[in-house]
Structures are given as structure tokens and as C-alpha cells.
Number of protein chains: 2
Amino acid sequence: MLATFMYGAGDVRVETVPDPIIKNPTDAIVRTVRSCICGSDLHPYHSMHATHQGNPMGHELIAVVEEVGAEVASVKPGDFVVAPFAFQDNTCVFCREGLQTSCIHGGWYGSAETGGLQASLARIPLADGSLVKVPDVDGDSLDEGLLASLLTLSDVYLTGYHAARVGRVKPGKTVTVIGDGAVGLSAVLASRQLGAERIILMGRHAVRTDLGVEFGATDVVAERGAEGVARVMDLTSGEGSHIVLEAVGHMPAYEQAYGIVRPGGIISRVGVPQYEEAPIGFGSLFGKNARLAGGPAPVRAYLDAAIPQVLSGEIDPGRVFDRTITLQEVPAGYAAMGAREALKVMVTA
Amino acid sequence: MLATFMYGAGDVRVETVPDPIIKNPTDAIVRTVRSCICGSDLHPYHSMHATHQGNPMGHELIAVVEEVGAEVASVKPGDFVVAPFAFQDNTCVFCREGLQTSCIHGGWYGSAETGGLQASLARIPLADGSLVKVPDVDGDSLDEGLLASLLTLSDVYLTGYHAARVGRVKPGKTVTVIGDGAVGLSAVLASRQLGAERIILMGRHAVRTDLGVEFGATDVVAERGAEGVARVMDLTSGEGSHIVLEAVGHMPAYEQAYGIVRPGGIISRVGVPQYEEAPIGFGSLFGKNARLAGGPAPVRAYLDAAIPQVLSGEIDPGRVFDRTITLQEVPAGYAAMGAREALKVMVTA
């Protein structure tokens with residue numbers, strides 16, 4: 001089969017490797033219908049030190065089940081499935097609380113052990129917890145728009161949704177979304193879905209912020225840094241934003257977040273932090289009782305509700321994809337996203 | 001009158017200064033019944049650079065009103081009052097939301113402009129928002145225990161209560177309190193008041209943790225650092241604590257907090273942070289979706305409900321005071337608290 005590996009910054013290769021096989025009775029083997037490239041894949045694409053080994057890449061997938069291990073009960077060959085970006089048993093204490101990204105037996109794709117999902121086939125560990133069947137659907141019969149929207153439920157849309165949910169977005173609230181990437185735009189759509197009164201989108205790319213406005217943004221702020229903070233404070237009568245959804249992961253975005261959050265408000269982060277230490281003392285969070293939330297989205301917790309919303313057309317998060325390529329073209333897909341020529345790239349098998 | 005000033009680390013002086021006068025029609029002048037020394041006063045006591053000016057000290061007070069400005073309507077001379085540790089108008093947009101420490105017109109005691117409350121008299125700005133009358137009570141007739149408990153409503157008990165409240169303490173939850181100072185013990189009492197199932201108190205001073213057990217702690221962990229983290233993880237079946245109340249403000253306490261917080265749990269800080277930057281990335285908060293909350297307690301928001309609880313004997317937070325001194329003896333009071341010989345020192349007029 002074909003699979004994607006990163007050997008260092010800017011060095012992505014698609015290689016022929018042995019087909020995956022069932023290793024554990026809880027595994028499934030799936031055949032990719034669509035995968036995609038994530039904003040978080042760009043962090044190593046910009047900074048990874050060169051290696052001889054190559055890291056398997058990809059963690060977003062819709063697929064058809066090929067084969068299941070002896071203990072897999074919830075899916076069978078031929079089922080059309082969505083794979084959350086992390087695998088989990090969906091039965092442990094944290095899974096039962098809806099925090100499947102902290103599953104005691106779960107983990108992340110993209111290791112030597114588990115492989116990545118930018119590939120034509122994949123081994124899915126703990127398949128009963130890690131694959132969700134799309135009911136009454138045959139992958140071949142879906143139109144491209146629905147395929148795209150279902151694919152976003154693997155990560156990007158439900159990551160934006162997680163940001164809004166742990167940020168406690170609700171009617172009457174002013175939400176500011178920092179970042180006009182696919183997660184930021186998803187956070188806008190999720191904020192609208194949760195009834196936010198006002199949604200300020202901070203982003204500089206008009207094509208993207210235009211889509212943000214279609215998704216529900218009521219204001220767009222193109223300025224960044226101190227100017228961006230001043231603009232949002234101005235838009236909020238000097239009070240700041242009840243909720244700030246930080247969908248970037250770099251320090252300047254976090255600095256904007258605590259600059260604009262209202263006293264007593266919430267900063268919800270879903271951009272994977274590219275820093276470990278950051279300001280949280282009296283001058284940033286503590287003095288104004290600002291709260292901080294967020295982390296890897298427990299997509300599995302939200303999937304069952306989101307699939308029907310996509311199938312019914314209630315939400316159309318797949319519009320974040322603006323380019324479709326084949327698996328062989330994945331290196332060019334990284335280059336296009338890395339250069340911001342593409343917002344989010346979908347990959348066919 | 002007598003008032004307390006700090007001139008540098010270890011250098012506290014009680015000096016005779018002019019009596020305060022009404023400056024604004026919204027001011028009141030009050031005569032101290034009891035004030036006290038705060039754990040946060042110890043931060044400059046240990047680290048302040050020497051000055052010639054002297055900083056006025058103190059922000060906790062129960063008092064009798066002496067005189068009021070022309071626009072003061074809610075209190076009158078002779079009223080027995082509690083003064084929250086910050087002043088506020090209690091009418092601005094943030095005050096109306098219960099976040100009086102972010103009052104647009106409010107501020108902190110202990111400036112050259114406003115003075116400190118470790119003094120025999122004080123000018124209280126915005127008196128209608130900054131003084132709360134204790135109903136049907138004459139300061140002279142209260143016993144020492146009630147005076148002590150009412151004094152804790154100025155800051156320490158309601159700061160512990162704020163920690164527990166923004167930490168969302170409720171029945172069924174495991175709470176860990178870091179710090180056996182007066183705020184930590186108050187946080188234990190508040191956690192019990194809010195129905196926590198289990199309260200783990202981290203502290204090394206047996207006299208203090210014994211009082212913590214009387215206040216409701218179900219477990220005491222004397223170990224600190226990695227050992228302390230391991231002990232709490234052990235006590236929580238390896239899952240961690242739903243809620244961590246950090247009542248110290250130094251980095252090692254914060255490090256313990258993120259070490260023991262459960263995935264999806266909340267760290268609530270009320271110890272004034274003696275740092276600005278701290279770990280919040282993937283390895284500390286983000287990876288496990290831990291939340292961070294806390295800040296200066298909006299005591300004013302909680303006072304009306306707390307006063308009757310004290311007067312009825314439902315709560316007895318005044319037990320954190322283990323020494324009473326006169327105003328002239330305040331320098332010795334700082335020394336005793338600084339050396340941990342006293343838990344919390346009450347000051348008579």
C-alpha cells in the first residue's frame with residue numbers, strides 16, 4: 001500500500017510499504033475513502049529535524065472496513081466509518097466521562113507502532129471504540145460535499161466544536177475566534193451552532209474570513225498583536241470578549257487571547273501549543289479571573305450527534321476543504337498548505 | 001492615628017499619621033474593630049526592596065462607621081461593617097456580574113492614595129459598594145469568635161470560598177487543596193460547605209492540617225513535589241483530583257497542581273501568583289484538557305450570603321486566627337507569620 005512519511009521539515013514522501021495486518025483481536029483494517037492534511041501536521045513540516053526513519057503521517061479518515069479482529073463487534077467488513085483522530089476503547093473511566101483523548105488504553109496515530117492515516121490502508125486499534133459506522137450509508141453513493149463534511153468529523157470540525165463547547169459558548173455571548181485556518185473557521189461554525197450572539201473572527205486572509213462570515217462570523221478583524229487587541233476591545237465597548245477560541249497554537253495567538261478576554265471570561269485553546277510556558281500570572285489571567293480551557297478534542301464523544309447533523313445538511317463543515325489531491329500528490333498538498341495557498345487539502349485513496 | 005507601613009523586606013513600622021478625611025462625597029471614614037495580616041502581605045515581607053517612602057499595609061477589616069460623605073446612602077455612623085479587601089462601586093457592568101474585583105471604578109487598598117487597613121482609622125472609597133453592614137449587630141456586643149469569623153469575610157474565608165466556587169466543587173467530587181495556610185484551610189472549609197465528597201489537604205504543619213481535618217479534610221498529604229504528586233495519584237486510584245485548589249502562589253505549588261489534576265479537571269488558583277509565566281502546554285494542562293481558573297476573590301459578591309452563615313454558627317472560619325495582637329505589635333505579628341509561628345494574626349485597634 002501507499003503511506004505518507006515525513007523525514008524532516010519540508011520533506012514529505014509517499015512510499016510503498018507492506019499492507020497492515022490484524023495484530024490484536026480488537027483491531028480492524030480499513031481502506032481509505034478520504035483522508036486529509038491537518039494544520040497540526042504543518043508544525044513539524046515547518047520545524048522537524050531531519051531523520052533517516054521517517055514519521056508516519058495522518059490522523060483523519062473516512063474509510064470502508066476491510067477486515068476485523070475476532071473481538072470486534074460494532075463494525076464489520078463493508079461498513080462505512082469515520083475514524084476519530086485518536087484511538088480509544090471508549091469504555092474506560094475517562095471515555096465514559098466523554099474525554100476519550102485521555103483514554104487509559106488509547107493513543108495517537110503516527111507512531112511506528114500504529115502508523116498514520118494518510119495511507120491507502122490502515123490498522124485501527126481498539127476498533128470498537130475507534131471507528132464509528134455511518135448508518136445507512138454506502139461510501140460510494142455519497143456526493144463529494146457529504147464526504148468532505150463527514151471527513152471533518154474525524155478532527156477539524158469537532159475540534160472547533162470542542163473549543164466552543166469547553167468555552168461554554170451559548171446565546172448572548174460574544175465569541176472571538178483567533179485564527180482563520182480550518183479549525184478557526186470550524187470554531188466559528190460551531191459557535192453559530194451553539195447560538196453565540198456575536199462572533200468576531202481574527203484573520204488576515206480574505207478568502208478564508210469570507211468563508212468565516214458565511215459560517216456565521218459577525219465581525220472580521222484583520223489586525224494582529226496590539227492593534228488586533230485594541231480593535232477587539234473597541235468592538236466590545238472596552239469590556240473584552242466573553243469567550244476567546246484560540247485555534248492557532250503559537251504564542252502571539254495566546255497573547256492576543258489574554259489581551260482580549262473579558263474579566264471572568266474563558267480562553268479555550270485547541271491549536272496544539274507550540275510552547276510549554278506562557279503568561280498566566282496577575283497581568284495576564286489571574287488579575288481578571290480569566291479562565292483557560294481546551295485541549296485535544298474528544299471527537300468520539302461528539303461524533304454520534306454530529307453525523308446526522310451532517311447527513312441532514314444542518315451543518316456543512318466540509319466547505320473548509322478547498323483542494324482535493326490523490327495520495328501520490330500528498331507532498332504537494334503539504335507544500336500548498338504550508339505556503340497558505342490551500343486552506344485544507346483532502347486526499348483521495 | 002496609627003497606621004502600618006512596610007519599608008522593605010522584614011521592615012514593618014507602625015507610625016502616627018494624620019487622621020483620614022472625607023475626600024469624595026462617596027467616601028466613608030471607619031474606626032477599626034479588628035484588622036489582620038494576610039498571607040499575601042508576606043510576599044513583600046520576604047522580598048520587597050527597601051524604600052524611603054513606605055507602603056501602607058493591610059486590606060482586611062471589620063469596623064464601625066465614623067462619618068460618611070454626602071452621597072453615601074447604605075451605611076451611617078455607628079453601623080458595624082465588613083470591608084471587602086478591594087473597593088468597588090458595586091454597580092458597574094462587572095460588579096453586576098459578580099466580579100467586583102474587576103470593578104471599573106474600584107481598586108486596591110495599600111496605595112499612597114487610599115492607604116492601608118492595618119490602621120486605627122481608614123478612608124473607604126465608594127463606601128456604598130465597599131462596606132457591608134452586619135445587620136442587627138453592635139460591634140461591642142459580639143464575642144471574639146464571631147468577630148474573628150466576620151473578619152475572615154473581608155478576605156481569607158471568602159477567598160477560599162472563591163477558589164472552591166470557581167473550581168466548581170460539588171457533591172461527588174474529589175478536591176485537593178494545596179497549602180495549609182489560612183486560605184488553604186478556608187478552601188477546605190468551603191469545599192466541605194459545597195459538599196465535596198473527598199478533600200485532600202497538602203500541607204506539612206501538623207497543627208494546621210489538624211485544623212484542616214476539623215474543617216473537613218478527609219486526607220492529609222505531607223509530602224511535596226514529585227512525592228506529593230505520587231501520593232495524591234495513589235489516593236485517587238491513579239486518576240488524579242477532579243479539582244485542585246492552589247492556595248499558595250509559588251511555582252512549586254502550581255507544579256504540584258498540574259501534576260495531580262485529573263484529565264478534564266480544574267485547577268483553581270487564589271494564591272497570588274509570584275510568577276508570570278508557567279507551564280500550560282501539552283505536557284502540563286493542554287494534553288489532558290485540564291482547566292485553569294481563579295483570581296482575586298470578588299468577596300463583595302459572596303458577603304451578603306456569608307454574614308448570616310457566620311452569625312448563625314453554620315460556619316466558623318475565624319478559627320484560622322491563632323494569635324491576637326494590638327496595632328502597635330503589628331511588626332511582631334509579621335515576624336511571627338513570616339516565621340510560620342503564627343497561622344494568621346488578628347489585630348485589635
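**Entry 1: ground rules**

Two residues are in contact if their C-beta atoms, placed from the backbone, lie within 7 Å. I keep that cut-off in mind throughout, and I remind myself that this is a predicted model.

**Entry 2: one residue and its neighbours**

I began with A:Val81 and asked which residues it touches, not counting those up to four places away in sequence. I found A:Val30, A:Ile62, A:Ala63, A:Val65 and A:Val75.

**Entry 3: chain A as a whole**

Next I stepped back to look at the fold. I noted 11 helices and 19 strands in chain A. The radius of gyration of chain A is 20 Å, and the globule rule also gives 20 Å for 349 residues, so chain A is as compact as a globular protein of that length. Along its principal axes, the C-alpha trace spans about 60 × 40 × 35 Å.

How much of chain A is buried? I read off 57% of its 349 residues. I also looked at contacts in chain A with a separation of 6 or more: 71% of them join residues 24 or more positions apart.

**Entry 4: where the chains meet**

Now for the contact between the two chains. Chain A gives 32 residues to it, and chain B gives 32 residues as well. On the side of chain A that touches chain B, the elements giving two or more residues are helix H2 (93-96) and strands S15 (261-269), S16 (277-279) and S17 (291-294). S17(A) supplies the largest share, 4 residues. I sorted the residues on this side by type and got 15 nonpolar, 10 polar and 7 charged.

One pairing I wrote down is that of A:Glu277, whose bridge partner in S16(B) is B:Pro279.

**Entry 5: symmetry**

What rotation superposes chain A on chain B? I found 180 degrees, with 0.0 Å of shift along the axis and an RMSD of 0.0 Å. That is the relation of a two-fold axis. In chain A, the C-alpha nearest the axis belongs to A:Leu292, 2.5 Å from it. Both copies use the same surface, as 100% of the contact residues of chain A recur in chain B.

Notes:
Residues are numbered from 1 along each chain as its sequence is written. Chains are lettered from A and ligands numbered from 1 in the order in which they are written. This is a predicted model: local features need pLDDT of at least 70, side-chain atom pairs count only at pLDDT 80 or more; totals for chains, interfaces and linings use all residues. Ala, Val, Leu, Ile, Met, Phe, Trp, Tyr, Cys and Pro count as nonpolar, Asp, Glu, Lys and Arg as charged, and the others, Gly among them, as polar. Two strands pair if DSSP finds at least two bridges between them. The radius of gyration is taken over C-alpha atoms; the globule rule is 2.2 Å times the number of residues to the power 0.38. A residue is buried if 20 or more other C-beta atoms lie within 10 Å of its own, exposed if 12 or fewer, and partly exposed in between; C-beta atoms are placed from the backbone. Copies are superposed by least squares on the C-alpha atoms of residues with pLDDT of at least 70 in both.
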